Amino acid sequence: MRHALWAGLLVVCACKGKPADGQGAGTASGSAPPPPRPAVVPVDPNQAKVTLGCLFDRARTEREVLTVLAEDAPVPVVRMAGLAAIERAREDGETPAIHMMADVLDALAFVEDHEGMRAVFAQLDAIPSAKGAMRTNNLGPLRARAGLPVTGDVSSEAVQIARELALAGQAAEAQALYAKQAPVDTSAAYHVENHIGVLAALGKSAEIRTLIAGAKEEDRLKLAGLWLETVLRGKGPAADAIAEVRAQIPIVPERGVTWFPERVLFRRAQRTGRAGELGAVYRDLKARYTKDSGPVTRLSTEYDLARAMGDDKEIAELVKAPQLADKHAVWTAPFDRALEVVLATKYPTEDLVRLWQRSVASGADGAWGTALAQKTCPPAKPAVTPTPAAPGLTLTVTEKAKKTQFECKNRDLVIRLAKGEEHLAEEVVEGECHGACTAKERRDGQRQLDEIQKRIDEGDGSQSETDYNFTQCIYAGPIAGRLDKVAGRDIALFADHYIGAHDIDNDRWRLALEVCGQLHVTRSFGERYAGSWGEKELVIREFPDQRMIVVEGRSDRWTGTVFRLALPACPGTPVEESIDTE
């Protein structure tokens, strides 16, 4: 089924711009005819999916890839990439899959793929732990956008939900829900933005103008842009919103031009087939850009707007600037040349995603995907048959007390690997005392606290300044945990106690185990900004093929992989991977 979906993607995709590889343009009179063009190789859907996975690996997160594709890739491309990202995330457990589904919903919402959103919501709602998960607490507006019922407490999202109902043609329901909300707080633009959206969806032009007129001058163009963006998502007339945007462009302070979401606005218009309505706004923006003599980076914005408007004449002028040569090459240069240019840049990932988009477009040459895969994906590694646990070896973990300093009960952790009475290896993980660990340091810390409190009493200080440690001696280091037997191998789980944000005690975790007859102690994993994994929340297991040691977290906040250790064929070195569990 998945193969069929990816094959279908290649049928419906139509790449923007000029995917042709610079051939077939004809020859000058009298010149030699060009050599025969090689046969175009069909796009391989399996290879396209593998290459996308390599791009996911290169990116900071899968969300980075989805955000790039949502700019102007065809809806089926965005959807299929999103489903592939979810499929990958499921390998790490329920919580990573839930988080990825929330990211994919954002991308699909941007391209107005309501069918795709409903498919993702169906997957999300099938996971019991998704209900009440942190990333699912604010999905009411997206459910409404997808045409799904919204249940539960929606008080914090009611304005956004009303906007989506109105855009879906449920004006009466939207008006009734909006009428129940508190009056608009006009003290800051971010309070006003959501109200602009629902009023725009309801066609309340007069009320919107009043809100914009009451905002700071530097915020007015941004608010007018939100009005226009909302209108463009629907099918109603855009004349009033366009007039307001045009009125603000020449008079808004320069900072307000910077805050104007022109890329989002024009891409939205392009997707909804309404870019032609923005011709006057486009000309006004170009005039304002010329007037401001803005930063060089604004050339990139102008280029994106020209692409959205199909303004080939303007593009031809803009790309004369050296700063835009590489950006333009991504879409127009012969594919091999474009790939060479992108790989030579310092941060190539986003443009590699755009080249992938180009490589799966209708009419693309399958050779492009092959070239991209060769440059993007690491060489395939030979299959590894891990050496099993060495028989007869045992692990012991012992805390060794050191000098106590005030509250700090300092100690080391001694980890030994033995065979019978013979000690084969030993590692000592040392603990330390930090903070106010001498009488003088404690007196100095108290003096600092007294000074802070005095400023607070006088109205010149903040209580948050007292969040830090001034007078205590705090332990940081190993704390013995437990010893598990996993697939015939002793594995010790112990805490790495550390001082976290605002000097709060936190625990991350480490493993100690035998690998290739040697003692291996892992790096720390499971670190969180607030709160720590408890020992009982962590489960150690080995994959059936005995290639991977996995630590899984099972708590109210997270269900899924926390840490992986790939076992090697001996002699060899295990490979560690820590999962972000925030």
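Visitor: What should I know before reading the values?

Guide: The model is predicted, with local features needing pLDDT of at least 70 and side-chain atom pairs counting only at pLDDT 80 or more, while totals for chains, interfaces and linings use all residues. Residues are numbered from 1 along each chain as its sequence is written, and side-chain values use heavy atoms, with hydrogens and water left out.

Visitor: How many cavities of 30 Å³ or more are there?

Guide: A cavity is a set of points, on a 1 Å grid over the protein atoms alone, where a 1.4 Å probe fits but cannot get out. Points are joined across faces, edges and corners, and a volume is the space filled by probe spheres set on them. Here the count is two.

Visitor: Which residues line the largest cavity?

Guide: Lining residues have an atom within 4 Å of a point. Among them here are Val43, Asp44, Trp356 and Leu372. Helices (DSSP runs of H or I, at least four residues) and strands (E, at least two) are numbered from the N terminus. Helices H2 (45–58), H21 (349–359) and H22 (366–376) each supply at least two residues of this lining.

Visitor: What classes of residue line the second largest cavity?

Guide: Ala, Val, Leu, Ile, Met, Phe, Trp, Tyr, Cys and Pro count as nonpolar, Asp, Glu, Lys and Arg as charged, and the others, Gly among them, as polar. This lining has four nonpolar, two polar and three charged residues, including Leu417, Arg489 and Glu514.

Visitor: How are helices H15 and H17 placed relative to each other?

Guide: Axes are lines fitted to C-alpha atoms, for helices over the stretch in contact, and angles run from 0 to 180 degrees between N-to-C directions. The axes of H15 (residues 262–271) and H17 (residues 298–309) come within 9 Å and cross at roughly 10 degrees. H15 and H17 are therefore roughly parallel, a term for angles under 35 degrees. Contact means heavy atoms within 4.5 Å; Phe266 of H15 and Leu305 of H17 are among the residues that make the contact.

Visitor: How many disulfides does a search of the whole structure find?

Guide: A disulfide is a covalent bond between the sulfur atoms of two cysteines, taken here as a pair within 2.5 Å. The search finds four. One of them joins Cys54 to Cys377, S to S 2.0 Å. Cys54 is in helix H2 and Cys377 in the loop between H22 and S1, 323 residues apart. The torsion about their S-S bond is about 110 degrees, so this disulfide is right-handed.

How values were computed. On a 1 Å grid over the protein atoms alone, a cavity is a set of points where a 1.4 Å probe fits but cannot get out, and a pocket is an open set with protein on both sides within 12 Å along at least five of seven lines; lining residues have an atom within 4 Å of a point. Angles under 35 degrees count as roughly parallel, over 145 as roughly antiparallel, 65 to 115 as roughly perpendicular and the rest as oblique.
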